[in-house]
Amino acid sequence: METTVISTQPVPLHPGLPFLGNTLAFLRNPLGTLHTLQQNHARMVHLRIGGRNQYLVLKPEDAKHVLQENNRNYGRSPAFEVLKIFLGNGLLTSDGDFWRRQRRLAQPAFHRQKLAALTQTMIAESADWIDELKGHNPKEPVNVSQAFMDVTMRIVCKTLFGSDTTGKLDGLSTALDTLNYLANKRMLSPLKFPYAWPTPNNLRSKRARMQVDTFIYGLIEQRRKASEERDDLLGMLLSAEDEETGEGMSDQQLRDECVTIFSAGHETTAVSMAWTIHLLTNHPDVLARLKAESHSVLGDARTPAPEVFRGLTYTLQVVQESLRLYPPAWIMSRKAFNDDHIGFYTIPAGDTALVCPYLLHRDPANWPDPGRFDPDRFAPGGPKDSLHPYAYLPFGGGPRLCIGNQFALMEMQILLALFVRQFDLKAVPHQRIFPKPLITLRPNQSIWVTLN
Ligand code: HEM
């Protein structure tokens, strides 16, 4: 029998400390360390972080290999275990055949035609939010990080549960936000007490979980009894049936998907909006062009018709360029089931592959002067169009591409256009803002601006 011999070379190991490897460097300065790796390695580098072997791929072709071409060789890395406690077994945390079935069921709820129905809700919620902001004293700066967190949470709750949240939104949002906050905290903490232990954080999260579950299960029961279909996301998920088996989702599954969509769907968008405002207040020329577009495309209507927003081409470019510089999902990790051969290198079975949108988006080989904010990179026929598709991946890639990517882009265009149409923005002086890579890539502090 003929056997294929695969010639391999060891992946260059980034120097580190005995036992600790590269853990301290990553804890102290993750982004600086990543830049050093990009400068010193061509294709792949082997790291030892938290006692695990991790292989960072540096080229778009190899990111495509891991996320798309050989995706069946990869599953969720151990990092996702913490999220499971809070999110259950939803789209973000599940794997294999179970995930495939869930994705098939949920996908139609995010199709373009369905999105059109949700767009109306996004516009209405954004307009209410702008009205509230208009009530602020113009001399007092506004914390836009918090303001965008509030509005994206309202949008995701309304698009998920429709009018069923009326009057209950505050309690529900607070409970969902508590779960989200505690998941983040637990993920980052080196000391994780078992979830069964009655620590203050565990008790707090159980209370919040119970509140959320009571609400969601109650709603599911009510909706199952009612005969009419509703076009919010929960209605779409409730009516989803597997094309192959005709089966729908169980109540537990619906609950897990709702909490997942809530968590995955609001913080990322809010953080990206805050970054966008930061970039704009530092680039008055871009801001002026954006403002002009919002006035000419949207006119004066308080809630312009959904189709009008499609004309916001420069707004979309601004959003895309902001997601290039500050991709909220700055790094993605995958566990290899079997050895994976990439060129001369091998990612061994059981180890982790890392794909880092933050680095790929700042690779000078693809993005000249990568630190410069220039939305014209994304102009139709512009430089982005000639790049490898995986040189830009704020929403990931392959079968696990963010299911909410069109939702997010639409939401960000609506929010941004209505916001800059209404207000003149000015940064509060002397803020020293830099990226802080937590689960999402956040600014190191809240961003404050004055609105006139
Ligand atoms: C700017 C906003 C957003 C960014 C940057 C973003 C980014 C991402 C990325 C990179 C992934 C893939 C993670 C991986 O492969 O490990 C992902 C997955 C996911 N996102 Fe988003 N996302 C955003 C907004 C949203 C919204 C608005 C929703 C829902 C309304 C959403 C729901 C999800 C879900 C459910 C998954 C898991 C999909 C799966 O594995 O099948 N995201 N997101």
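**View 1. Aspartate 351, a buried charge without a salt bridge.** Aspartate 351 is buried (under 20% relative accessible area, where exposed is over 50% and partly exposed is in between, using a 1.4 Å probe and protein chains only). You will find aspartate 351 in the loop between strand 7 (345-347) and strand 8 (352-355). Helices (H or I, at least four residues) and strands (E, at least two) are DSSP runs, numbered from the N terminus. Leaving aside residues up to four places away in sequence, aspartate 351 touches Asn53, Tyr55, Arg334, Lys335 and Ala336, with contact meaning heavy atoms within 4.5 Å.

This is a predicted model, in which local features need pLDDT of at least 70 and side-chain atom pairs count only at pLDDT 80 or more, while totals for chains, interfaces and linings use all residues. Residues are numbered from 1 along each chain as its sequence is written, and side-chain values use heavy atoms, with hydrogens and water left out.

**View 2. Aspartate 213 and arginine 255, joined by a salt bridge.** The N to O distance in this pair is 2.7 Å. Aspartate 213 sits in helix 9 (residues 200-225) and arginine 255 in helix 11 (residues 251-281), so the pair ties together parts that are 42 residues apart in sequence. Aspartate 213 counts as buried because its relative accessible area is 15%, and arginine 255 is buried with a value of 0%.

**View 3. Arginine 372 and aspartate 369, another salt bridge.** Their closest N and O atoms are 3.0 Å apart. Arginine 372 is partly exposed, at 40% relative accessible area, and aspartate 369 is partly exposed too, at 48%. Elsewhere, salt bridges that share partners join Arg101, Arg104, Asp242, Glu244 and Glu247 into one network.

**View 4. Lysine 64 and glutamate 69, a salt-bridged pair.** Look for the closest N and O atoms, which lie 3.9 Å apart. Lysine 64 is partly exposed at 24% relative accessibility, whereas glutamate 69 is exposed at 53%.

**View 5. Phenylalanine 19, in the segment before helix 1 (23-28).** Phenylalanine 19 counts as exposed because its relative accessibility is 85%.

Terms used. Lys and Arg count as positive and Asp and Glu as negative; His and the chain ends are not counted. A salt bridge is a side-chain nitrogen of Lys or Arg within 4 Å of a carboxyl oxygen of Asp or Glu.
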